[in-house]
Amino acid sequence: MGAPDSATRGAFPAVAVIDGEGVMIGWTRAAEELTGYPAADILGLPVTTLLPPGGTVPDRGPGEGDTRAGLVELRRRDGGVIVVRAEIAPLDTARAGESWLVSAIPAADDLSGGTGSLLEALISHFPVAMAIWDRDLRCVWLNAAADYLEAVFPHYHLGRSLSDPIPGVDTGAAQDAMRRVLADGTPMIDREARWVSPDGREERTLSTSLFRLEGLDGQPLGVCSLALDISHSSARDRLALLREASVRIGSTLDIRKTAQELADLAVPILADYVTVDLSEATLPDTEPLQRLAATEASIPVFRRAGVASVHDGVPESLWPLGEAVFVPPGSPFTEVLAARRPHFEAVLDTSPSSWLARDPDRARIIHGTGMHTLIIVPLEARGDILGVAVFVRNANPAPFTRDDLVLAEELVARAALSLDNARRYTRERTTALALQRDLLPRELCGGTAVEVASRYLPSGVREGVGGDWYDVIRLPGARIALVVGDVTGHGINAAATMGRLRTAVRTLSYLELPPDELLAHLDRLVAEDACGDLDVTGATCLYAIYDAATRRCTMAAAGHPPPAVVSPAGEVTFPQLPSGTPIGLGLGTFESHDLHLAAGTVLALYTDGLIETRQADLDAGMSRLGTALAGAVRLPTLESLCSAVVGTIVGDGPAEDDIALLMARTRA
């Protein structure tokens, strides 16, 4: 069996400690993985145990500080033989006395890349700060990279303990981590730590790893630490960009905002200039591109939905946000749409024979702003092409690489799904809103009985349009029926169900049933609907009949909040109606309640979206409604009163839920 590969073994060399007699006294987990020998089976044995017959190790050198290296054959516990590059360097600790630090790595993985010493490469060339700490957490060995980081971590100093107090330096977390490694032997890999200079002008990010060195007695001899300065790591920046993209892109179901989020995120980490251009189908509320003039060299294909640049004023952009974007036939833009594959030019071809010869406006901008490298990625989601994202560099002299292309594709893929979700949401919301507005009464007439006014506000939340509705139905005599209801759910189904429920109420009202009987018939009709035409579960409704001849108002509720009654003097009350059960449960427990309404009395029927919020319950909302009505009751018209109430309660922000408000004022 061969040695485990580098992915299994990890990024660290196998390290052992040998005393002056050539006996193993220290062993790391990487050494166990390389050789197959656990520490318990190898400690105390001579180093020749690991050598095949006739095998040799590099001379350790006579002088202190000498380092020797060479290729040797190493015998694993399973009998297999591998070639390793072994390094030996002197190590002097108070506990082990004169000893040697041995590092080994398979020759195929030798990071020095040839005949140079692996240990020398680790010490002198790699930007990895290496240090060894004894059981008292005192530094007993370190390399040049650790010396370089002493300004960041002053305890990188021979003989200095982590417990030594240094003003402004807190090593509590480092001490805790090292003691855990000493206690259980489990390495700590790639722990990120952030350092800020005392004056706040400099910041470093370090990736640190710790592993334990074990002694002959089975107790830990110390800890080896490795620290890498990743403050300016492009890979780290790219991972951070992808993490941020997961959080920021698609934070709302707004198409244009999502497009702009993609552009903003990619500048400047990936590109100096980014545009996001979307098709007409993705932006349904814009002027059709077909109406715009096209030429043989320029066709309106997209609209600009997002743009960002490292330069103020975005001098690279020919078109501002919202404007149509023209492209020439046979350009990379049309090729990307046709092939559904990205276009990549590490060095942008601006020669007279390129496609830019047919696009002088773009050529002028490219030459004028120094664009020299280009990526175009199609925005594709669920089989549909939504547009293209364009990435350009002009301030950064480095050309795009294939890694940059992979990052751009990942960002665009995430944005495309969010854009498609926003597009589908917008389309369904627009359809549902149009359906609901068509199903609600267009003109309300209270006849000689009442003056009426209404308001409907769709919610601003993601769930979309709901099933709130209202109606005014003229009955024989001087009577009028006032209705308000709320269907559970949102979207097209809720709007359609609302329309069918409103039609059912209007049909039943012509039977001239008392409110409680009408609600009972409606409840039974919905509960027994075998064909599923009325898909209602838990809809609420308030039905009231006002007789102008007797000034008597009879009402009943099916799980709906009571109306507000405003007397001619401005006093606001909420009658205590039997609440009843919601429509569709088939229980039919409804009771009518009678009121006498003087001339000039205002009756306000509403859905719970007007009074209920995430921060306040129905009682608090009814109190706010009463205050709003009392403050606006002297307004000259019912329309102005309706607007004032909604403005006071909702304000300028979007409503959390759909709101339906129906007001009626009794005539003299």
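Helices here are DSSP runs of H or I with at least four residues, and strands are runs of E with at least two, both numbered from the N terminus. With that in hand, hello everyone: this chain has 15 helices and 26 strands. Please keep in mind that this is a predicted model, where local features need pLDDT of at least 70, side-chain atom pairs count only at pLDDT 80 or more, and totals for chains, interfaces and linings use all residues. Residues are numbered from 1 along each chain as its sequence is written, and side-chain values use heavy atoms, with hydrogens and water left out.

Let me begin with the whole chain. Of its 668 residues, 48% count as buried, where buried means under 20% relative accessible area, exposed means over 50%, and partly exposed is in between, using a 1.4 Å probe and protein chains only. I will also talk about contacts, meaning heavy atoms within 4.5 Å. Among contacts between residues at least 6 apart in sequence, 61% join residues at least 24 apart.

Now to the sheets. Two strands pair if DSSP finds at least two bridges between them. Strand 23 pairs with strand 22 (residues 564-566) in the antiparallel sense, over two bridges. If you want to find that spot on screen, look for Val-566, which stands opposite Val-572 in strand 23.

What packs on this sheet?

Leu-625, Ala-628, Leu-629 and Ala-632 in helix 14 meet Leu-641, Ala-644, Val-645, Thr-648 and Ile-649 in helix 15. By type, the residues of this contact are eight nonpolar, one polar and no charged. For that tally, Ala, Val, Leu, Ile, Met, Phe, Trp, Tyr, Cys and Pro count as nonpolar, Asp, Glu, Lys and Arg as charged, and the others, Gly among them, as polar.

Leaving aside neighbours within four places in sequence, its contacts include Glu-451, Thr-601, Leu-638 and Leu-641.

Next comes strand 21 (residues 552-558). Six of its seven residues are buried, so strand 21 is largely enclosed by the rest of the structure. Strand 20 (residues 540-547) pairs with strand 21 in the antiparallel sense over seven bridges, and Cys-541 stands opposite Ala-558 in strand 21. The two strands form a hairpin with four residues between them, and Arg-551 in the turn has a positive phi of about 55°. Strand 21 is also joined by four bridges to strand 24 (residues 593-596), and these two run antiparallel. There, Met-555 stands opposite His-593 in strand 24.

The loop between strand 23 and strand 24 holds Ser-579, which is partly exposed at a relative accessible area of 49%. Beyond its neighbours within four places in sequence, Ser-579 is in contact with Ala-557, Ala-558, Gly-559 and His-560. Pro-582 is found in that loop too. Pro-582 and Val-487 are 95 residues apart in sequence and 9.9 Å apart in space, C-alpha to C-alpha.

I'll finish with some backbone details. A cis peptide bond joins Val-267 and Pro-268, with omega about 5°. Leu-137 has a positive phi of about 60° although it is not a glycine, and Leu-137 is buried, with a relative accessible area of 1%. Arg-340, in the loop between helix 9 (332-339) and strand 14 (343-345), likewise has a positive phi, near 60°, but Arg-340 counts as partly exposed at 39% relative accessibility.
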